[in-house]
Amino acid sequence: MNLPEMDYVLTQHARDAMEKRQIAIAWVEQTLKQPERTEPDSMDKELEHRFSTIAEFDGRVLRVIVNRTTIPQRVVTAFFDRKRTPK
């Protein structure tokens with residue numbers, strides 16, 4: 001069985017956060033590859049915040065924080081952003 005090439009790695013913190021918050025890996029991949037919006041981190045220039053609306057999770061907005069300077073990219077954490085989720 002051939003697995004698709006991964007262009008990112010998950011930190012242990014990201015893995016734990018995804019499990020705790022019930023975030024599917026497909027949602028993280030969607031946000032990494034085709035974010036609706038990106039923002040630089042206000043404190044660490046190596047980090048980038050990527051956002052995607054997840055229809056399957058009541059239209060909530062997923063924020064994935066990634067170190068974009070590493071090869072492969074390193075996903076630091078992921079969470080549903082309450083400030084960006086429609087009410």
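Buried here means under 20% relative accessible area, exposed means over 50%, and partly exposed is in between, using a 1.4 Å probe and protein chains only. Asp81 also has a partner, because it forms a salt bridge with Arg84, and the closest N and O atoms are 3.7 Å apart. By salt bridge I mean a side-chain nitrogen of Lys or Arg within 4 Å of a carboxyl oxygen of Asp or Glu.

Quick housekeeping before I go on. This is a predicted model, so local features need pLDDT of at least 70 and side-chain atom pairs count only at pLDDT 80 or more, while totals for chains, interfaces and linings use all residues. Residues are numbered from 1 along each chain as its sequence is written, and side-chain values use heavy atoms, with hydrogens and water left out.

Now the overall layout. The chain has 2 helices and 5 strands, and if you read along the sequence you get β-α-α-β-β-β-β. Those elements are DSSP runs numbered from the N terminus: helices are H or I with at least four residues, strands are E with at least two. Of the 87 residues of the chain, 41% count as buried. The chain exposes about 6,200 Å², and carbon and sulfur atoms supply 50% of that. Those areas come from the Shrake-Rupley method with a 1.4 Å probe, and for residues only the protein chains shown count as cover.

Back to salt bridges. How many does the structure hold? There are 6 of them. Side chains of opposite charge can pair when their charged atoms come close. Take Glu39 and Arg84, whose side chains meet in a salt bridge at 2.5 Å, N to O. Glu39 sits in strand β2, residues 37-40, and Arg84 in the segment after β5 (73-80), so this pair ties together parts that are 45 residues apart in sequence. Glu39 is buried, at 19% relative accessible area, whereas Arg84 is partly exposed at 31%.

Another one to look at is Glu48 with Arg68, where the side chains meet in a salt bridge at 4.0 Å, N to O. This pair also links distant parts of the chain: Glu48 is in strand β3 (residues 47-54), Arg68 is in the loop between β4 (60-67) and β5, and they are 20 residues apart. Glu48 counts as buried at 17% relative accessibility, and Arg68 counts as partly exposed at 42%.

While we're in strand β3, have a look at His49. Is His49 buried or exposed? It's buried, with a relative accessible area of 9%. The His49 side chain makes a polar contact with the side chain of Asp41, at 2.6 Å. A polar contact is a pair of N or O atoms within 3.5 Å; within protein, one must be able to donate a hydrogen and the other to accept it, and residues adjacent in sequence count only if both atoms are side-chain atoms. Leaving aside neighbours within four places in sequence, His49 is in contact with several residues, including Arg37, Glu39 and Arg63. Contact just means heavy atoms within 4.5 Å.

Okay, over to helix α1. Which residues of α1 are buried? They are Ala14, Ala17 and Met18. Seen down the axis of α1, they fall within an arc of 100 degrees, so they line one face of the helix. That arc is taken from the directions from the helix axis to the C-beta atoms.

Gln22 lies in the loop between α1 (12-21) and α2 (25-33), and its phi is near 55 degrees, a positive value in a residue other than glycine. Gln22 is exposed, at 59%. Asp58, in the loop between β3 and β4, has a positive phi too, near 60 degrees, and is exposed at 75%. Finally, a cis peptide bond joins Ile71 and Pro72, with omega about -5 degrees, and Pro72 is found in the loop between β4 and β5.
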